[in-house]
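I set out below what I looked up in this structure, entry by entry.

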Amino acid sequence: MYGEGLVKGLSITLKHFFGKTITEQYPSVRPNLPKRFHGSFYLDNPKCIGCGICANSCPNRVIQLSTIKDENNKKKLASYKMDVQYCLWCGLCVESCPTKAIQFTPEFESATYSRKDILLDLFKPGEATAPSEGAPKEASQAQ
Amino acid sequence: MENKGFILNLGDAIRSWLSLSLTPGLTDALMVVVSFLAILVFVLLNVLLLVLLERKWGGFFQQRPGPNRNGPGGSLQTIADAVKLLAKEEIIPKNVDKPVFKAAGILVFVPALLGLAVIPWGKGMAAVNLNIGLFYFLSVSSVTTIAFLMAGWSSNNKYSLLGGMRAVAQMVSYEIPLVFSLLGVIMLTGSLNFADIIEAQTGMWFIVAQPVAFLIYFIAGIAELNRGPFDSPEGEQEIVAGPLTEYSGMRWALFFLAEYANLIAISGIATTLFLGGWHGPWVDVYPALSFVWFMLKVYCMIFLFMWVRWTLPRVRIDHLMSFGWKFLIPLSLLNIIVTGVGIYLYQAMGW
């Protein structure tokens, strides 16, 4: 039939008219994000062993971390900075972490007013203590 | 004593109050003015409502809520728009033809308002009951064409001129199917008087007798209003806003209010001629209910216009012209021929 597409289109929009709206009222209603959403970053400091695999896997060298050796000659995390303005949110750092220390968070509203506020400092000195006796390897064997 | 219903009783009260101090002739004249003013105020209120309704219904057709921040459900959005437009600076470019530029906005609005005087808004509620009512309406509504040309030409801008030319070409070419589609109805009633046309529809609405004519009138009406799939003159993506490019603030708002007033007028004509006017259940018991039925039918027509606008993509200007001249005009002529033959057979068989 000539003009069949017109009728089909009109019937679809009529159905839409009487149906529900599919938009989210954003600022008052937060979206329901999936579990694997790539938002901001969170470093689980006790789990981090300072291996540096995340920094090596980052395509843009976003992650800058440094380690020190404590009195037992064990490697400890000393600082962990992410210059997120160059981040691609590819997820290679999260995927490659052997202890699953660095994780994504569902936070996506991370716009800031100045460039220096973009730098993420994920190092928390109080928590990042490796087990006082033995290397993490031995700690996992002890478990 | 005939039951005239609430609205007409109000009119009678005003008339008797006026005739206390004035001669009968002056009373009659003033009554026309009063009824026209009432219609004007009512239609302008409706136009303000339509501004919001277009955006809300447009949103619903597209599965989104439309404006919903100002007031409950977005009902105060029109007021927000009006305040914004009043506060805007009206920029008139330097090389514009000033008198023509300023007059174009007013000239777009006037024919719509003039046409509202003859539409029967209810039983006995036309401001003026002309014997050539339909003829008057069609001729007055054609004046909008020159207003668009004035807007486009005076703007001194190639996009506006192009848009104005497109608007004129489109409106002129779709006048013919518009008028021819109504000819079928006129042949069935034998009169141009709106009251007679409505009276002839007491048994059956003319949309049943003339479905093809209704469709042609609908399509030609969309093209006349420069909306829906035929909005090449104001195609935002192509020529900015066509003839309205250089207009800002209240002057621009005037064009849009005129478009909605025209929409109400054209829907009113469609209701009168095809959908049985103010007929409906219980009209003889409560004559004021005829007004309610009329407005309900007008809003059904407006819903149809909006439904088509928010669904269909824009028609290219040469497709538009060829559709009007090569398809709609022959079809409307065919409709007239078939109607004529039908009337003759009807009378010949003595039904």
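**Entry 1: a helix pair in chain B.** I began with the residues through which two helices meet: B:F214, B:F218, B:G221 and B:I222 in α10(B) are in contact with B:M301, B:L304, B:F305 and B:V308 in α13(B). I took contact to mean heavy atoms within 4.5 Å.

I then looked up the geometry. The axes of α10 (residues 211-224) and α13 (residues 289-309) of chain B come within 11 Å and cross at roughly 65°. Axes are lines fitted to C-alpha atoms, for helices over the stretch in contact, with angles from 0 to 180 degrees between N-to-C directions. I recorded the crossing of α10(B) and α13(B) as right-handed, that is, the near helix is turned clockwise from the far one by less than a right angle.

**Entry 2: basis of the values.** The model is predicted: local features need pLDDT of at least 70 and side-chain atom pairs pLDDT 80 or more, whereas totals for chains, interfaces and linings use all residues. Residues are numbered from 1 along each chain as its sequence is written, chains are lettered from A in the order in which they are written, and side-chain values use heavy atoms, without hydrogens and water.

**Entry 3: chain B against chain A.** I found 14 residues of chain B in contact with 14 residues of chain A. The two chains bury about 1,300 Å² between them, 69% of it on carbon and sulfur atoms; this is the accessible area (1.4 Å probe) lost on putting the two parts together, summed over both. B:F61, B:Q63 and B:W307 supply 43% of the area that chain B buries against chain A, more than any other three residues.

**Entry 4: salt bridges.** The rule asks for a side-chain nitrogen of Lys or Arg within 4 Å of a carboxyl oxygen of Asp or Glu. One pair I looked up is A:R30 with A:E109, whose closest N and O atoms are 2.2 Å apart. These two residues are 79 residues apart, A:R30 in the loop between α1 and β1 and A:E109 in the loop between β4 and β5 of chain A.

Conventions:
Helices (H or I, at least four residues) and strands (E, at least two) are DSSP runs, numbered from the N terminus.
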